[in-house]
Amino acid sequence: MAIHLSYASRADQRGRSPAHPSYFFKAPSSVAASGGVVERPAGTELLAFEGEIALIIGDPARRVSLEDAWSHVASVTAANDLGLYDLRANDKGSNVRSKGGDGFTPLGPALIDARTVDPAGLRVRTWVNGELRQDDTSAGLIFPLAQFVADLSQHFTLETGDVILTGTPAGSSVIVPGDVVEVEVDAPDAPGAPTSGRLITTVTQGDVPFDGSLGSLPSVDDLQRAEAWGSREDAGLEPKTALSPDLRAKLERAPTAGLSSQLRTRGQHSCFIDGVAANIPGTKIVGTARTLRFIPAREDLFARHGGGYNAQKRLFDAVGDGEVIVIEARGDATAGTLGDILALRAKTRGAAGVVTDGGVRDFDEVTRIGLPVFSRGPHPSVLGRKHVPWELDVTIGCGGAAVQPGDIIVGDGDGVVVIPPHLAEEVVDATLAQEEEDTWIAAQVEAGHPVDGLFPMNAQWRAKYEAER
């Protein structure tokens with residue numbers, strides 16, 4: 001048995017969060033051992049890996065309570081819930097063909113005794129060709145592991161040896177022939193740090209096509225490509241928005257006042273994040289946006305989304321070099337939206353800065369750490385007083401401006417502007433040209449010339465400027 005969607009990080013990636021777990025079955029013939037191969041069938045392109053924690057049932061379970069459910073789990077190990085997105089069109093939900101192929105459920109290689117580990121303290125990691133792609137813990141699950149056992153046992157008997165695949169965190173993506181996938185489950189804080197060892201699977205290319213006269217043929221569209229790869233950018237459907245060194249250097253020279261003027265001339269009138277100021281005077285930030293949305297505090301929602309490895313912590317753990325965390329706090333500065341520990345994490349990760357239309361705790365220490373933060377000012381209250389960390393990497397509103405993941409953020413003493421990536425080169429080049437012109441005008445004013453006809457320049461002054469330039 002397998003879970004459709006269970007990790008908060010994956011739910012954030014998909015833009016939906018289930019109220020209850022849902023399940024599908026995988027064929028016994030899909031089970032494979034470590035060190036084997038999995039075939040990508042002829043005529044397909046979207047074979048994806050999913051590193052997961054697998055639970056193996058010991059004593060049979062029928063209508064067991066949540067409190068008693070974990071005692072029916074004998075072992076824990078690693079699993080790779082491989083799937084073929086090309087075949088989801090007619091089987092989405094059941095996943096019979098898309099996830100039931102031979103070798104599509106590698107398990108192992110070693111078993112961890114479930115009695116020796118805390119079910120909330122398990123970790124799952126996945127590598128592709130030696131590169132870490134997934135890293136999450138069972139604390140990041142929307143539902144506790146024991147709930148899957150108790151819930152399923154309401155409907156049928158879980159028998160000795162049954163396997164429950166408990167869902168995959170964010171990071172699942174497409175693999176191609178020649179790729180080597182490794183999955184490991186461990187309990188790093190348990191005595192002896194027990195581990196499943198590395199579950200290794202190599203992808204090969206199949207040469208037998210599907211017979212369309214017998215059933216549906218492989219079919220893909222851009223939605224399936226985006227979901228298989230993890231994002232439209234990774235699927236090659238949208239350009240990646242990472243700043244080139246040349247563009248970053250130009251943006252670092254361009255003032256926000258000039259950038260906002262150039263954006264307005266191009267019809268972008270809501271590009272300014274209002275009401276925020278820098279914690280470090282004279283600071284300048286340039287980077288691509290990673291977004292975080294808080295919703296108004298509500299006790300039952302905070303109990304489910306505010307603790308553990310919530311959206312706020314996941315983003316500060318994942319922010320990349322040169323990125324800017326932008327937080328929607330609805331303009332409410334009467335509670336902190338980050339503090340010194342998260343600021344230190346962002347600084348260590350290489351973040352360019354943080355922009356929040358809320359408050360900042362540990363304000364002086366955050367400043368001492370050296371992380372540039374544009375906010376509405378300090379506030380000593382904890383997050384839960386006014387906010388619930390809800391989701392990350394979605395479109396948000398911050399200080400009256402719409403911000404999408406990948407937008408370009410520039411902040412200085414005048415404030416913070418949001419630049420759509422497709423306009424960045426054009427806007428910054430025009431801004432720097434205007435700055436050069438304004439510098440020349442300032443020199444004329446300093447020399448004693450009146451501003452009438454000079455600012456803005458009339459034809460006579462323009463001709464003189466062009467000649468000297």
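**Close-up views of a predicted model**

View 1. Arg314 is buried, since its relative accessible area of 8% falls under the 20% cut-off. In this predicted model, Arg314 sits in helix H8, which spans residues 311–318. Look for the polar side-chain atom of Arg314 that lies 2.8 Å from the backbone oxygen of Tyr309. Setting aside residues up to four places away in sequence, Arg314 touches Ala8, Ser9, Asp12, Tyr309 and Leu392.

**View 2. The largest nonpolar core.** This core holds 44 residues, and the members touching the most others are Leu55, Val76, Val149 and Ile164. At least two core residues come from each of strands S6 (51–57), S7 (73–80), S10 (123–128), S13 (180–186) and S14 (199–205), and from helix H3 (145–153). Helix H3 gives the largest share, six residues.

View 3. Beyond its neighbours within four places in sequence, Val149 is in contact with Leu55, Ile57, Ala61, Val64, Ala69, Val73, Leu158 and Ile164.

**View 4. Helices H5 and H11 where they cross.** The axes of H5 (residues 245–253) and H11 (residues 424–446) come within 10 Å, crossing at roughly 40 degrees. That angle makes H5 oblique to H11. The crossing of the two helices is left-handed. On the H5 side, the contact is made by Leu247, Lys250, Leu251 and Arg253; from H11 come Ala424, Glu425, Val428, Asp429 and Leu432.

How values were computed: Residues numbered from 1 in each chain as written. Predicted model: local features only at pLDDT ≥ 70, side-chain atom pairs only at ≥ 80, totals over all residues. Heavy atoms only, no water. Helix = DSSP H or I, 4+ residues; strand = E, 2+ residues; numbered from the N terminus. Buried < 20%, exposed > 50% of the residue type's maximum accessible area, 1.4 Å probe, protein only. Polar contact = N/O pair within 3.5 Å; in protein donor to acceptor, adjacent residues only side chain to side chain. Contact = heavy atoms within 4.5 Å. Core = buried A, V, L, I, M, F, W, Y, C linked by side-chain atoms within 4.5 Å. Axes fitted to C-alpha atoms, helices over the stretch in contact; angles between N-to-C directions. Parallel < 35°, antiparallel > 145°, perpendicular 65-115°, else oblique. Left-handed = near helix turned anticlockwise from the far one by under 90°.
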